[in-house]
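Hello,

Here is the structure we talked about handing over. Please open it alongside this note. My findings follow below.

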Protein chains: 2
Amino acid sequence: MEQLKVIKIGGHIINDQQALDDFLTTFTAIKGLKVLIHGGGKVATELAQKMNLEVTMIDGRRITDSETLDIATMVYAGKVNKTIVAKLQAKKCNAIGFTGADGNTILSKKRDVEEVDFGYVGDVVKVDTEIVEVLLSRKRTPVFCAITHDGHGQLLNTNADTLAAELAIALAKNYETELYYCFEKKGVLQNITDEDSVIKNINLENYQDLKSQGIIADGMLPKMQNCFHAIQNGVQKVCVGLPDMLQNSNSLFTTISN
Amino acid sequence: MEQLKVIKIGGHIINDQQALDDFLTTFTAIKGLKVLIHGGGKVATELAQKMNLEVTMIDGRRITDSETLDIATMVYAGKVNKTIVAKLQAKKCNAIGFTGADGNTILSKKRDVEEVDFGYVGDVVKVDTEIVEVLLSRKRTPVFCAITHDGHGQLLNTNADTLAAELAIALAKNYETELYYCFEKKGVLQNITDEDSVIKNINLENYQDLKSQGIIADGMLPKMQNCFHAIQNGVQKVCVGLPDMLQNSNSLFTTISN
């Protein structure tokens with residue numbers, strides 16, 4: 001099987017024009033097949049402010065009402081996705097932007113209302129990789145934002161980490177797939193105040209310890225769950241760290257294994 | 001050669017949810033290969049108002065400064081394009097959204113500043129139909145908004161009528177291509193106050209008369225120029241009228257011929 005790198009970048013890179021440009025140069029330099037998934041960053045919040053919309057957060061999650069979904073669609077699928085695609089084209093990486101609605105690639109289901117009504121938030125239920133694979137075979141590079149659809153005409157906001165994991169799992173059926181989560185730290189840190197205290201390897205065994213000690217907590221918990229979900233479902237390698245890890249295998253980063 | 005319909009819809013359809021839904025039902029019912037191009041409608045103007053941005057118009061054309069381009073990208077490539085794609089998916093038309101930057105399909109050049117500086121407006125210089133043709137061969141339906149790029153990382157706002165003509169011309173090399181401009185009238189009218197006074201056929205000969213008599217004027221002039229440009233460059237058939245013309249060949253509409 002051919003090798004494929006599925007790479008997710010978060011808001012801290014999108015928020016910083018220089019960081020985004022540096023990342024896209026690194027991304028373009030990666031040889032072989034690759035897919036990019038990006039989050040939204042603070043552009044959506046800024047636009048909501050300009051439009052005097054309130055952003056409601058519950059447990060650190062944005063509540064997506066109809067107007068917030070419009071903003072997410074405009075910013076993630078419009079401005080951020082197309083800016084990235086145009087910048088990649090300028091670097092001679094022949095990128096092509098996607099939401100999950102495009103080509104029906106990522107079907108999701110509106111999250112059921114339980115304790116919290118998250119609004120127009122969708123959880124991935126089905127990934128169709130046919131068109132992505134056709135494009136990869138023609139040296140095009142798919143670039144996904146985290147907007148999906150329910151198949152009944154409704155767009156839905158989806159967690160970008162989860163979307164990256166599900167896409168990597170689906171692609172792992174036909175490619176030797178590696179999943180890279182680029183974020184603002186060198187990796188998962190043993191000591192949050194020491195940037196270099198990267199835990200090089202996390203597996204199911206030490207993960208339980210790290211959780212019970214409170215070393216892995218808050219926002220890192222769902223990210224780790226996505227990592228384990230991927231590694232347990234056919235993805236060959238899952239790494240978390242700075243974009244440096246994509247070009248320098250000697251750099252510090254965290255690898256998640258079974 | 002296989003037949004292909006290239007269909008452009010304007011703002012009046014996008015502005016009206018019921019009209020859009022009706023159009024998309026008609027569009028889905030069209031058998032055979034098809035490509036959709038859409039304009040933006042008033043959503044962009046409304047968003048600019050919400051953000052307290054002034055829209056500058058010169059000679060009926062929007063001047064695209066950097067903030068206006070952001071809005072055009074968000075609205076056309078984000079909200080409008082993805083809403084159309086999701087709605088088509090719900091109707092089992094497997095649509096996939098495009099700007100000209102995606103797959104480097106439509107390269108444009110920022111318009112030179114002469115009497116007027118139109119800002120970030122691009123005129124089409126090159127169309128690469130490879131990916132569009134691959135998708136058509138796999139029964140996917142490309143849906144273009146009129147945002148393009150200059151190949152150096154700059155997105156550009158492009159006239160949707162022109163984009164439709166250029167795309168149809170490029171596709172006419174490999175398909176028997178028909179181009180349909182759907183707008184708010186039954187066709188080009190002999191008498192602007194009589195909705196049924198449709199001129200059934202316009203060719204280069206009567207076009208000169210219609211122009212000199214002032215029957216074709218203002219916004220119809222560039223539309224006619226796009227029609228003639230297409231018909232003179234390999235497109236087999238060019239029609240202007242209501243979406244009805246797509247399902248009922250007995251309905252009134254205008255055909256443009258050489």
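**Cavity, interface and salt bridges**

The lining of the largest cavity divides evenly by class: 2 nonpolar, 2 polar and 2 charged residues. Please keep in mind that this is a predicted model. The residues around that cavity are Asn104(A), Thr105(A), Leu107(A), Lys126(A), Val127(A) and Asp128(A). Its volume is about 30 Å³. The structure holds 1 cavity of 30 Å³ or more.

Now the interface. How many residues does the contact take from chain A and from chain B? It takes 40 from chain A and 40 from chain B. Between them, the two chains bury about 3200 Å². Carbon and sulfur atoms carry 63% of that area. In chain A, the residues that lose the most area to chain B are Met74(A), Lys82(A) and Arg140(A). Together they account for 17% of what that side buries.

Next, the polar side of the interface. Chain A and chain B are linked by 8 salt bridges. One of them can be picked out by residue: the side chains of Lys79(A) and Asp70(B) meet at 2.9 Å, N to O. There are also 14 residue pairs in polar contact between the two chains, counting pairs with both residues at pLDDT 80 or more.

Which elements of chain A each supply at least two residues of the side that touches chain B? They are helix H3 (43-50), helix H4 (66-90), strand S5 (95-98) and helix H5 (130-137). H4(A) gives the largest share, with 15 residues. By class, the side of chain A that touches chain B has 16 nonpolar, 13 polar and 11 charged residues.

Last, salt bridges across the structure. Over all chains, the count is 26. One to look at within chain A joins the side chains of Glu195(A) and Lys185(A), at 3.2 Å, N to O. Where do these two residues lie? Both Glu195(A) and Lys185(A) are in the loop between strand S11 (176-182) and strand S12 (201-202) of chain A, so the pair ties together parts that are 10 residues apart in sequence.

Start with H4(A), which supplies 15 residues of the side of chain A that touches chain B. Then go to the bridge between Lys79(A) and Asp70(B). Finish at the cavity lined by residues including Asn104(A) and Asp128(A).

Best wishes

Definitions and conventions:
Residues are numbered from 1 along each chain as its sequence is written. Chains are lettered from A and ligands numbered from 1 in the order in which they are written. This is a predicted model: local features need pLDDT of at least 70, side-chain atom pairs count only at pLDDT 80 or more; totals for chains, interfaces and linings use all residues. Side-chain values use heavy atoms; hydrogens and water are left out. Contact means heavy atoms within 4.5 Å. Buried area is the accessible area (1.4 Å probe) that two parts lose on being put together, summed over both. A salt bridge is a side-chain nitrogen of Lys or Arg within 4 Å of a carboxyl oxygen of Asp or Glu. A polar contact is a pair of N or O atoms within 3.5 Å; within protein, one must be able to donate a hydrogen and the other to accept it, and residues adjacent in sequence count only if both atoms are side-chain atoms. Helices (H or I, at least four residues) and strands (E, at least two) are DSSP runs, numbered from the N terminus. Ala, Val, Leu, Ile, Met, Phe, Trp, Tyr, Cys and Pro count as nonpolar, Asp, Glu, Lys and Arg as charged, and the others, Gly among them, as polar. On a 1 Å grid over the protein atoms alone, a cavity is a set of points where a 1.4 Å probe fits but cannot get out, and a pocket is an open set with protein on both sides within 12 Å along at least five of seven lines; lining residues have an atom within 4 Å of a point. Grid points are joined across faces, edges and corners, and a volume is the space filled by probe spheres set on the points.
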